[in-house]
Amino acid sequence: MISKSGRYWTTGITVTWVPFAERINDEPYAGWHAKLDFTDDGFANNDPDSEQVSTEGTLHTRYPVRNAKIRSGLSVAIDALMADANRLGVEFIGVEPDPEPWLYYQGDGEDSENPPPEGWRETLAAEAQRVGFRSYLTPTQ
């Protein structure tokens, strides 16, 4: 059942660096994946008698996004995901004590299957600031 209020929300976006995303003119290129999980406002609803069943979903880039001529692939991936989430009515919210949503790295940068690039914390902090999110190096209030 789709949320009666129509409200869907997420606490942020998770990104992953792909060291080899594709080849262009026989040159290897890296890229970024971006993903967000969202849920409806029916937290803990699972009552089939009243037809109140909570739903959730995931949006993600289909392919790793490489750098464009004038923008980073990370920026392009995040902006595309945010635009689609907004079109679908997914709200970005913070979770106390943080009022802003978060920009995460897959496995918080400790997943050996998805190692982050050098300087990833600074890169994510700059992107988070650009879109009004928090990240690993965001100063606490």
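Two strands pair if DSSP finds at least two bridges between them. The legends below describe views of a predicted model.

**Figure 1. Overall composition of the protein chain.** The chain contains 2 helices and 8 strands, which follow the order β-β-β-β-β-β-α-β-β-α from the N terminus. Of its 141 residues, 33% count as buried. The chain exposes about 9000 Å², of which carbon and sulfur atoms supply 50%.

**Figure 2. Pairing of strand 1 with strand 3.** Strand 1 (residues 8-10) and strand 3 are antiparallel and share 2 bridges. Tyr8 has Asp40 of strand 3 as its bridge partner.

**Figure 3. The hairpin of strand 2 and strand 3.** These antiparallel strands are joined by 8 bridges. Val15 stands opposite Ala34 in strand 3. The hairpin has 2 residues between its strands, and Asn25 takes a positive phi near 50°.

**Figure 4. Pairing of strand 3 with strand 6.** Strand 6 (residues 56-60) pairs with strand 3 in the antiparallel sense over 5 bridges. Here, Lys35 stands opposite His60 of strand 6.

**Figure 5. The largest nonpolar core.** This core has 24 residues, and those with the most contacts inside it include Ile13, Val15, Leu36 and Phe133. Among the elements that give two or more residues to the core are strand 2 (12-24), strand 3 (27-40) and helix 2 (120-131). Helix 1 supplies the largest share, 6 residues. In soluble globular proteins, nonpolar side chains tend to be buried together.

**Figure 6. Surroundings of Phe133.** Leaving aside residues up to four places away in sequence, Phe133 touches Gly12, Ile13, Met82, Phe92, Glu100, Pro101, Trp102, Leu103 and Ala128. Both Phe133 and Leu103 are among the core residues with the most contacts inside the core.

Notes: Residues numbered from 1 in each chain as written. Predicted model: local features only at pLDDT ≥ 70, side-chain atom pairs only at ≥ 80, totals over all residues. Heavy atoms only, no water. Core = buried A, V, L, I, M, F, W, Y, C linked by side-chain atoms within 4.5 Å. Buried < 20%, exposed > 50% of the residue type's maximum accessible area, 1.4 Å probe, protein only. Helix = DSSP H or I, 4+ residues; strand = E, 2+ residues; numbered from the N terminus. Contact = heavy atoms within 4.5 Å. Areas by Shrake-Rupley, 256 points an atom, 1.4 Å probe, with all protein chains shown as cover.
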